[in-house]
Amino acid sequence: MAITSDARQPTAERTGIGLRLPHMAEVVATRPPVGWLEIHPENFLANPHGLELLTDLARDYVISVHTVGISIGSADGIDRDHLMRLLALVDRLNPVLVSGHLAWSTIGGAYLNDLLPLPYTAETLRVVAAHLAEVQDVLGRAYVIENPSSYVSLATSTMTELEFLNELVHRTGCRLLCDVSNVYLSGHNMGYDPYGFLDGLPPEAVTELHLGGFTAEEDEATPGAALLVDTHATSITEAVWDLYAHAIRRFGAKPTIVEWDSDLPELSTLIGEAARADRVRDRTTEGLRASAR
């Protein structure tokens, strides 16, 4: 497998934003002061006008591609037609990163509008590693894996998510997208320490960080308890900002994206969240420098 690289890099000096279609026209018109833009390719594969605008933005911004339709964990295999469409988009945009979720979303040729959990077993590890190699062979570049948001544990799992991710990195040499909000949410829902989870990830594999909002809903299985749902529909909570600072201490000032997918606010609000991430990063890295002195 020949993996190409690009001289451009996603910047760790200024946080980027997830670019969604309702904000497209304003971003094109105003060129806001954000570090880079991350897109879902599925929003552009059958959208010629949107793709034309995105191609224009790619002249001024570093672009990252974050897939939601590859279904790296599907027992049915990778949809080659979708993968080839993704390849055409990647070849056109030449993004600095291509990433996707540790999840599955296809069965019997049908796409499900969700990112569904995997059992963490040796067989799942074999399937994900094989699919990862297939995707990278076609794209000719690394495909970065994001940790999921978790709501249930599967009885067939023989390892934890953290053990699975470490073994996947060990077996394939893949890189990881650490979604800090997912770590906090999953820690709450599944009863583990999110700080310990970050400490357990291999720091050399983490190449990008995500931040996003979640929504608290009543847990029907445990009356009176709250379940955190990864809606990307709200601002980032204080607890996640604290965890983000810990992630920077653990992994360094990695390129970061702020995501907001539902109940979209004004673009200025999203830019404000990215600016706050910059302040947290700068304050944390300065603290690390002061401690080193």
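Predicted model: local features only at pLDDT ≥ 70, side-chain atom pairs only at ≥ 80, totals over all residues.
Trainee: Why is the pair D60 and R31 called a salt bridge?

Mentor: The closest N and O atoms of D60 and R31 are 2.8 Å apart. A salt bridge needs a side-chain nitrogen of Lys or Arg within 4 Å of a carboxyl oxygen of Asp or Glu, so this pair meets the definition. D60 sits in the loop between α2 and β3 and R31 in the loop between α1 and β2, so the bridge ties together parts 29 residues apart in sequence.

Trainee: How do you know whether D60 is buried or exposed?

Mentor: Exposed means over 50% relative accessible area. D60 has 52%, so D60 counts as exposed.

Trainee: And why is R31 called partly exposed?

Mentor: R31 has a relative accessible area of 26%. Buried would require under 20%, and exposed over 50%, so R31 falls in between.

Trainee: What makes R80 and E134 a salt bridge, and which helices hold them?

Mentor: Their closest N and O atoms are 2.9 Å apart, and the limit is 4 Å, so the pair counts. R80 lies in helix α3 and E134 in helix α4, so parts 54 residues apart in sequence are tied together.

How values were computed:
Residues numbered from 1 in each chain as written. Heavy atoms only, no water. Helix = DSSP H or I, 4+ residues; strand = E, 2+ residues; numbered from the N terminus. Buried < 20%, exposed > 50% of the residue type's maximum accessible area, 1.4 Å probe, protein only.
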